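This report goes through one protein chain, starting from a single residue and moving out to the whole. Please look at the sequence and the 3D structure before reading on.

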Amino acid sequence: MVNTVELEVRFSQINEDDAIFISDLQLKGLLKLSETVFEEDTLISGFIRILKLNSHYIFQEQTPKNEIIIRKFSDLKPAQKLVGDRLDIYEKMWNGCGCKIDYL
């Protein structure tokens, strides 16, 4: 069972410039607590998502090491821009450019 209080406290401590790692269990809890605004399988590093939780948006991605990272935004537009940037890089990676993502 996911400790939703722990997850909400941890989420409330994230600044908008921070990226934090969460566990698979915490992601499952986050997915239950939030509304999925955007979701796409990158085919390289799992799913990339924008979630809405209360008045904030959460950008969620996964590293090649299967680490789950979230970032908090107060507005949807910067989260959408980050998704677009990531998907552009994933497209280049898929085509063999040798690009890498700096997750932090």
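## Starting from one residue

Is Pro 78 buried, partly exposed or exposed? Pro 78 counts as partly exposed because its relative accessibility is 37%. Here buried means under 20% relative accessible area, exposed means over 50%, and partly exposed is in between, with a 1.4 Å probe and protein chains only. Pro 78 lies in helix H3, which covers residues 76-94. Pro 78 and Phe 59 are 19 residues apart in sequence, and their C-alpha atoms are 9.6 Å apart in space.

This is a predicted model, in which local features need pLDDT of at least 70, side-chain atom pairs count only at pLDDT 80 or more, and totals for chains, interfaces and linings use all residues. Residues are numbered from 1 along each chain as its sequence is written, and side-chain values use heavy atoms, with hydrogens and water left out.

## The whole chain

Three helices and five strands are found in the chain. Helices (H or I, at least four residues) and strands (E, at least two) are DSSP runs, numbered from the N terminus. Along the sequence they follow the pattern α-β-α-β-β-β-β-α.

Of the 104 residues in the chain, 37% are buried. Contact means heavy atoms within 4.5 Å. Among contacts between residues at least 6 apart in sequence, 42% join residues at least 24 apart.

## Strand S3 and its partners

Strand S3 (residues 47-53) is largely enclosed by the rest of the structure, because five of its seven residues are buried. Two strands pair if DSSP finds at least two bridges between them. S3 runs antiparallel to strand S2 (residues 35-41), and six bridges join them. In one of these pairings, Phe 38 has Ile 50 in S3 as its bridge partner. The hairpin of S2 and S3 has five residues between the strands, and Leu 43 takes a positive phi near 65° there.

S3 is also joined to strand S4 (residues 56-62), by five bridges, and these two strands run antiparallel. Leu 53 has His 56 in S4 as its bridge partner. The hairpin of S3 and S4 has two residues between the strands, and Asn 54 in the turn has a positive phi of about 55°.

## Arg 49

Arg 49 is in strand S3. Arg 49 counts as buried because its relative accessibility is 9%.

A polar contact is a pair of N or O atoms within 3.5 Å; within protein, one must be able to donate a hydrogen and the other to accept it, and residues adjacent in sequence count only if both atoms are side-chain atoms. The side chain of Arg 49 makes such a contact with the side chain of Glu 39, at 2.7 Å. Another, of 2.6 Å, joins the side chains of Arg 49 and Gln 60. Leaving aside neighbours within four places in sequence, the residues in contact with Arg 49 include Leu 27, Leu 31 and Phe 38.

## Helix H2 and the cores

Which residues of helix H2 (residues 24-33) are buried? They are Gln 26, Leu 27, Gly 29 and Leu 30. Seen down the axis of H2, these residues fall within an arc of 160°, so they line one face of the helix. The arc is that of the directions from the helix axis to the C-beta atoms. On the other side of H2, Asp 24, Lys 28 and Lys 32 are exposed.

A nonpolar core is a set of buried Ala, Val, Leu, Ile, Met, Phe, Trp, Tyr and Cys residues joined through side-chain atoms within 4.5 Å. The largest one has 10 residues, among them Leu 27, Leu 30, Leu 51 and Leu 53. Strand S1 (20-22), H2, S3 and strand S5 (68-73) each supply at least two residues of this core. Another core lies apart from it and has eight residues, including Ile 50, Phe 59, Ala 79 and Val 83.
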